[in-house]
Amino acid sequence: MKLKSSYFFTLRENVKDEDSVSGNLLARSGMIKKNSSGVYMYLPMGYKVLKKIEQIIREEMNKTGAQEVLMPSLIPEEIYEASGRRALIGASMFALKDRFGKPFVLGPTHEELFVMAANHHVKSYKDLPFNLYQFQTKFRDEPRPRFGLIRVREFIMKDAYSFDKDLDGLTLSYQKMYDAYKASFDRMGLNYKIVTADTGVMGGLLSEEFQAVTDIGEDRLVLCDTCEFASNIEVSPCVTHDIPLEPFKDLSELYTPNVGKIKDLVENYQISEDKMTKSMIYMIDKTAVLVMVRADDEINEVKLQKLFGATVVELASAEVVENLSHAKIGYAGPIGINIKIVADHRIRSMSNFLVGANKTDYHFQNVNVDRDFKVTQYADIRNIKPNDECPKCGGKIYFNNGIEIGNTFKLGDKYSKALGLEYLDADNTLHPVIMGSYGIGPGRCLAAIVEQNHDDFGILWPKALAPYTVGLVIINTKIELQNTTGEDLYQQLLQAGVEVLLDDRDERAGVKFNDMDLIGIPLRITIGKTLEQGKVEVKFRNEKEIQLVDLDQVLPFVKNFLK
Ligand SMILES: [Zn+2]
């Protein structure tokens, strides 16, 4: 491509409303442009990179025997009603009506449609297994779109669905996808971890996430310094060792005016956090439950949801809390409250601790379980923390941030049962088809690659993904020899199949160099003064040194670089 006659622009300044390095660099380099909150245009170079990412994924999918299809985005709402997911996905679904008043949604994920497609094919066990996939636009009305391409409302997703007759079959199909995902992310040069995760709105038996390790990731990855343990914080189990209780002290009230917050209690009363509890009232499928953890722990809502098999877990409103505790917010506690109490395992080993007194401006101190109140149920309901014990090997836990670039689900028969996808076995008995579903976000991959490959000057694309691998810069377009040499090298490289960009604009050299750095072209060839000696300057994007190469050696040099 020649820049002078192309759609191409870059921005000198950082983009104000981009809150991530990748969003900012991709927008500054003219690869993407925000259209509305969480909705982006992919401009020529950005789209070129996106297509390369898609092609890597497509090749790895095709190697497994999966077949590519394309489903619609516009889907009758009743299909999601039938699977039970309309309510579950709720306001995150874009919903609309057609001119006759029939309700439709813009698909946020496509299990339902693939079950319908499978139903046109599957009659007996002989029709299984198979795997279908697509690259298709998804819509999710995110409450807080952010981080450029990472949390968006419209995005392309590669989703795949496997169909098997039994769990053994699913295990094989799942492994194929798992391997194809690893191969895809390896080819993209991503630094990633594979972690077990919550099955969330997908439901099913197992979920694993492929998480790109970055500074800004929204997910907290739980990793072990000793073994291979890797988990999303949402589902990481905690290890609790019971410790002997201290002799009980007498229960007493403590006057704590205007200090409903833990940190204020620590500061004002010199009580350490491990001698306090956090009591929060949750609505778990519309039933109020008091949830207790040690004050320095965090409540894990996904664990709560699993514990109750609940659909909705949310903090109770101020009104509900004040009604149940008969006190202002911040003073709820377990003593005398008339609802179920679920406590983290760690509470069992606490003695003489502090709780809210269900009375405004008061806490109870020297509280002890069983003597002063009863716990309905103990469970693992807290978040694991750095330096905690690894649940697998006893090693030390540390955290990384991650961007979820892919996920794999063993769905089992959840969707086939709900939507009637069955097959006849050899004895003529009907069974539900066993499914898996597998997603990759190519846009997120693109963002994660930039998060992992950039410097102060711009992006550093890996060779396999760069929009162009070689950038030819003509220093002075007023000098005819530079122009003709540039054109000649451009044609040589094009004919050799090299993706080459020619900067033939009438701009200052500094502008051209800055743009090449910003858009992250891996190899820059400069046609300038050294032409008098029959040489050009060659520089790799990730190195500082400039080399001189003879004109007739440029093509072999580039070929060697691309090897
Ligand atoms: Zn470990």
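User: How do α1 and α11 sit relative to each other?
Analyst: α1 and α11 are roughly perpendicular to each other, a label for angles of 65 to 115 degrees. The model is predicted, so local features need pLDDT of at least 70 and side-chain atom pairs 80 or more, while totals for chains, interfaces and linings use all residues. Residues are numbered from 1 along each chain as its sequence is written, and side-chain values use heavy atoms, without hydrogens and water.
User: What are the numbers for α1 and α11?
Analyst: Helix α1 (residues 21–28) and α11 cross at roughly 100°, and their axes come within 8 Å. Axes are lines fitted to C-alpha atoms, for helices over the stretch in contact, with angles from 0 to 180 degrees between N-to-C directions. Helices are DSSP runs (H or I) of at least four residues, and strands (E) of at least two, numbered from the N terminus.
User: Which residues touch there?
Analyst: V21, S22, L25 and L26 of α1 meet L446, A447, V450 and E451 of α11. Contact means heavy atoms within 4.5 Å.
User: New topic. Which residues hold the zinc ion?
Analyst: C224, C227, C390 and C393, each through SG, lie 2.2 to 2.3 Å from the zinc ion. Donors are N, O and S atoms within 2.8 Å of the metal (3.2 Å for Na, K and Ca).
User: What geometry does the zinc site have?
Analyst: Tetrahedral, with angles of 103 to 114° among its 4 donor atoms.
User: How are the donors spaced along the chain?
Analyst: The spacing is C-x2-C-x162-C-x2-C. C227 and C390 are 163 residues apart, linking distant parts of the chain.

Definitions and conventions
Tetrahedral: all angles 85-135°; square planar, octahedral: opposite > 155°, others 65-115°. Parallel < 35°, antiparallel > 145°, perpendicular 65-115°, else oblique.
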